[in-house]
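Hi everyone, thanks for coming.

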There are 2 protein chains.
Amino acid sequence: MARWQPHAPERLLVAALELFEERGYENTTVVEITERAGLTKSTFFRHFPDKREVLFGGGAMTGLLREGIEAAPAGAGPLETVAHALDAIGRQAFTSERREFSARRSAVIATNPELREREALKELGLIAAMTDALKHRGVPDLTARVTAELGALAWKIAYERWRDTSGRADFAELARRALAEVRAASASC
Amino acid sequence: MARWQPHAPERLLVAALELFEERGYENTTVVEITERAGLTKSTFFRHFPDKREVLFGGGAMTGLLREGIEAAPAGAGPLETVAHALDAIGRQAFTSERREFSARRSAVIATNPELREREALKELGLIAAMTDALKHRGVPDLTARVTAELGALAWKIAYERWRDTSGRADFAELARRALAEVRAASASC
């Protein structure tokens, strides 16, 4: 049985990103990623079903989002619930130390159609997860779907601003601002 | 020079769908699709960059959507503009003769992760096209993005209802109803 490897997904992600930057996504193999990370191929496939998935964390973000929505205060309205989940994501995933890395990751994804397709599918997955988690809180079906779409849009706007600015803006703060803007805009459609 | 082939994209689509249903997407080649359609491989690649794209019409829907938004009455608000575009799509693409075919197409896409990824990317492309076309009409940036997201959600809801019911419901009618529902739901987020 394989030895447990601490932080294997993170090490594989860092190695993959470096290689994709150096020689391109198409010209990098899973074996090269595992060699750079000092891990084995079987460790890679224990964490990720294919080469692309190493950039997408195999569903970790979906889990954080679900937990954040479940943990929101009982009285919070639908978009306010999403704001609580985005706070949690800012604390646990989009920390200031991750900013530069996230910008590099986005730049690599933008260069390759296969990666853009995977990212698009992930986005739909996140919206579906948000919708489900909101329905579990008793939000009516269609309101949950609309909230998830608006929440995902605010998330994207906040993420772009967070990633592309060299400032000290906190992700959770940017997310709350984007949610307020999206809510106001939805009233003028 | 290749002879002009009438309705080549449509013939390739019909042949591809039959073959994907009979033997699966993975087990069908582009050559088999072209043989079934009575066309050549070069005709296929003149219309579609790869095997998957034959199910997605190579951007035809994006064109219809842009035109529909451009052609909406000058005084129409953002979501009303999208309603006009969806009317046009109902008249030109989602006609009642296409209903059964669309349901078969959706069923094939659902069976294959590569096709689902392409569909996800197409959805983002349609949202981006809607956003652009709305901005060209002078709709402010963020309102255009929100309108496009809500419009795409209404579109999806209307499409699912249209595709899955054996009734005589007209796509444009279903789209107007879904837009009204989405608008109402967005006020309760």
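I'll start with how to read it, then take a helix pair, a record entry and the interface.

This is a predicted model, where local features need pLDDT of at least 70, side-chain atom pairs count only at pLDDT 80 or more, and totals for chains, interfaces and linings use all residues. Residues are numbered from 1 along each chain as its sequence is written, chains are lettered from A and ligands numbered from 1 in the order in which they are written, and side-chain values use heavy atoms, leaving out hydrogens and water.

Okay, helices, meaning DSSP runs of H or I, at least four residues, numbered from the N terminus. In chain A, the axes of H5 (residues 78–92) and H9 (residues 171–186) come within 8 Å and cross at roughly 155°. Axes here are lines fitted to C-alpha atoms over the stretch in contact, with angles from 0 to 180 degrees between N-to-C directions. So H5(A) and H9(A) are roughly antiparallel, a label for angles over 145 degrees.

Next, the UniProt record: an unreviewed entry lists residues 29–48 of chain A as "DNA-binding region", and such annotations may be inferred rather than shown by experiment. That stretch is 75% helix and 0% strand, with its end C-alpha atoms 14 Å apart; strands are DSSP runs of E, at least two residues.

Finally, how many residues of chain A are in contact with chain B? It's 28, meeting 28 of chain B, where contact means heavy atoms within 4.5 Å. Together the chains bury about 2700 Å², 62% of it on carbon and sulfur atoms. Buried area is the accessible area (1.4 Å probe) lost on being put together, summed over both parts. On chain A's side, Glu117(A), Glu149(A) and Cys189(A) lose the most area to chain B, together 26% of what that side buries.

Terms used:
Angles under 35 degrees count as roughly parallel, over 145 as roughly antiparallel, 65 to 115 as roughly perpendicular and the rest as oblique. Buried area is the accessible area (1.4 Å probe) that two parts lose on being put together, summed over both.
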